[in-house]
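This briefing concerns the packing of helices in a protein model. Please examine the sequence and the structure shown below before reading the points that follow.

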Amino acid sequence: MFLIYLYLALNKAGIGSIWDIGKYDTIVRLEEINLIPFQAGGFMTHILNIIMFMPLGFLLPLIWKSFRNGVGVLVTGVGFSLAIEIAQLFNRRLTDVDDLIMNTMGTLIGFIIWKVFTKIFKRKEATHFSLQVNEGAVYITLSVLGTFCLHI
C-alpha cells in the first residue's frame, strides 16, 4: 500500500525526469520559482496538497516503528516534498514554497490522525519485520530517484 501511495503521489505531482533537462532552452527558469509564502492564490491547491500528503504521515508510523515520533515523520515529509519540488524545476512546472509548506502540514496532520487512531483502537503490539531502521525513507528516496532518472 505504501508503494502504491508513493507512485500515485509522484504521478500526480508531475515531477520532471532527467529526460526533460534537454527539452527546453534553459534548465531552470527563475520566473517559475516562488519562494514567497502565500504569494500565489489557490486555496483549493493548498487543500489538495495537504490531502495528498496525509497518507504519508499516517502510513509511516503505521508500518514502521522507527517513525512513531513526530520528528522523523516530519523530516521525511519535508524531504519527500522538497525532492518533488526540486524535480519539478526540470519540467516547466512551478516550484512553490507553498507546496512545501502545505505538504509538510499534510504529513503532520496524517501523523496526528495516526496518533488519534492508535489511542482509539488500542491493540497489542504486533510483531513486524523491517529490512532496516530507515526502510520507509529508502523507499521514498528510490521512488523519487527512479521516477526522475528512469521515467521517459
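Helix H1 (residues 2–13) and helix H2 (residues 43–63) have axes that come within 11 Å and cross at roughly 160°. The model is a predicted one, in which local features need pLDDT of at least 70, side-chain atom pairs count only at pLDDT 80 or more, and totals for chains, interfaces and linings use all residues. Residues are numbered from 1 along each chain as its sequence is written, and side-chain values use heavy atoms, with hydrogens and water left out.

- Helices here are DSSP runs (H or I, at least four residues), numbered from the N terminus.
- Axes are lines fitted to C-alpha atoms, for helices over the stretch in contact, and angles run from 0 to 180 degrees between N-to-C directions.
- H1 and H2 are therefore roughly antiparallel to each other, a term for angles over 145 degrees.
- H1 passes H2 in a left-handed crossing, meaning that the near helix is turned anticlockwise from the far one by less than a right angle.
- On the H1 side, Phe2, Tyr5, Ala9 and Lys12 meet residues of H2 that include Met52, Phe53 and Leu56; contact means heavy atoms within 4.5 Å.
- Sorted by class, this contact of H1 with H2 has ten nonpolar, no polar and one charged residues. Ala, Val, Leu, Ile, Met, Phe, Trp, Tyr, Cys and Pro count as nonpolar, Asp, Glu, Lys and Arg as charged, and the others, Gly among them, as polar.

**H2 and H4**

- The axes of H2 and H4 come within 6 Å and cross at roughly 45°.
- The crossing of H2 and H4 is right-handed, that is, clockwise.
- The contact of H2 with H4 has 14 nonpolar, eight polar and two charged residues.

- Leaving aside neighbours within four places in sequence, Phe53 is in contact with residues including Tyr5, Phe80 and Ile84.

**Asparagine 49**

- Asparagine 49 is found in helix H2.
- Asparagine 49 counts as buried, at 12% relative accessibility; buried means under 20% relative accessible area (1.4 Å probe, protein chains only).
- Leaving aside neighbours within four places in sequence, asparagine 49 is in contact with Asp99, Met102 and Asn103.

Key. Helices (H or I, at least four residues) and strands (E, at least two) are DSSP runs, numbered from the N terminus. Angles under 35 degrees count as roughly parallel, over 145 as roughly antiparallel, 65 to 115 as roughly perpendicular and the rest as oblique. Buried means under 20% relative accessible area, exposed over 50%, partly exposed in between (1.4 Å probe, protein chains only).
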